[in-house]
Amino acid sequence: CARSLAVQGGRLFVAEGEAGLSAWRLEGDGARALGRWDAGGEAVLQVVVPEPGRWAVVEKGIRALAVLDLADPARPAEVAAWTGPGIFYGAQIAAEPLQGRWLAWWWHAGGPYWLDLAAPGHPAPAGDFTRCRNSGISGLAADGDGLLVLARHQGLLRLAAGDQGEIAGLPLARLGANRFGHGSINGQAALAGDLLVVANAAWSTVRLIDVRDRGAPHLLDVAITPGNPGRPLIGHGLVVIPDGRQGVRIAPLAALAPR
């Protein structure tokens, strides 16, 4: 059961739920198995492998964020794990770090928190990750040197990389009046320039949001899918959205971007 994928330096890593994490070498038109990591009975729900590929960051079960050493990809080794306020109920590790250093994640009752990839010895949380910084986070999206946070099930706020300040009282940018009657911004998100793509699996909904003004997001369009759309991927001029048992949705970015 493939739950999440990461590719780095010609290697593929697959979070396989209760089967753990598998490592593969990409070769020609296929892949060769390198090794596997057993999470000790816990399910591996998500994997992220930041450049240059020395470390994997995984959701280990529903409670722990773990770091694996990939120096020998045939034998991934856990070096540290942490728990905090709440659980993982989906892909809650950011897809990429900011400034090559700060990788954000959240638990359902707290976050976002920052994993410092440049910490001595191995990546480690920066600051206090045991307190509830803000509840109601549903998604994160890298925005240049900052982070867009879909917060309190309602709107957007932007944080600087590594910002550990209190965010509960920060103002949210909310959707203005629109023909769809939607007032909230919630779901897994990806950003391409000024287009924010937000997928909500529970509601089978994909929203396209114009964020040219980060403080005044404008809803461009809404699509209802037959499946349960997960975190969008944007690259090579395409928007790709996994839609649960209904397969994958692909659309050209140029046709969706705000004009």
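Which residue takes a positive phi in the hairpin of β12 and β13? It's glycine 144, with a phi near 65°, in a hairpin that has two residues between the strands. The model here is a predicted one, where local features need pLDDT of at least 70, side-chain atom pairs count only at pLDDT 80 or more, and totals for chains, interfaces and linings use all residues. Residues are numbered from 1 along each chain as its sequence is written, and side-chain values use heavy atoms, with hydrogens and water left out.

Strands here are DSSP runs of E with at least two residues, numbered from the N terminus. Strand β12 covers residues 139-143, and four of its five residues are buried, meaning under 20% relative accessible area with a 1.4 Å probe and protein chains only. β12 pairs with β13 (residues 146-151) in the antiparallel sense over five bridges; for a pair, DSSP has to find at least two bridges between the strands. Alanine 141, for instance, has leucine 148 in β13 as its bridge partner.

Six of its six residues are buried, so β17 is largely enclosed by the rest of the structure. Both faces are covered: Thr205, Arg207 and Ile209 lie on one side, with Val206, Leu208 and Asp210 on the other. β17 also has two antiparallel partners. Six bridges tie it to β16 (residues 195-200), with leucine 195 bridging to aspartate 210, and six bridges join it to β18, where aspartate 221 is the partner of leucine 208. In the hairpin of β16 and β17, with four residues between the strands, serine 204 takes a positive phi near 55°.

β17 turns up again in the second largest pocket, where β17, β18 (218-224), β20 (238-242) and β21 each supply at least two lining residues. A pocket is an open set of points on a 1 Å grid over the protein atoms alone where a 1.4 Å probe fits, with protein on both sides within 12 Å along at least five of seven lines; lining residues have an atom within 4 Å of a point. This pocket holds about 180 Å³ of space. Of its 13 lining residues, the closest to its centre are Val206, Leu208, Ala223, Ile241 and Leu256.

Strand β21 (residues 248-252) also contains isoleucine 250. This residue is exposed, with a relative accessible area of 55%; the cut-off for exposed is over 50%.

Technical notes
Grid points are joined across faces, edges and corners, and a volume is the space filled by probe spheres set on the points.
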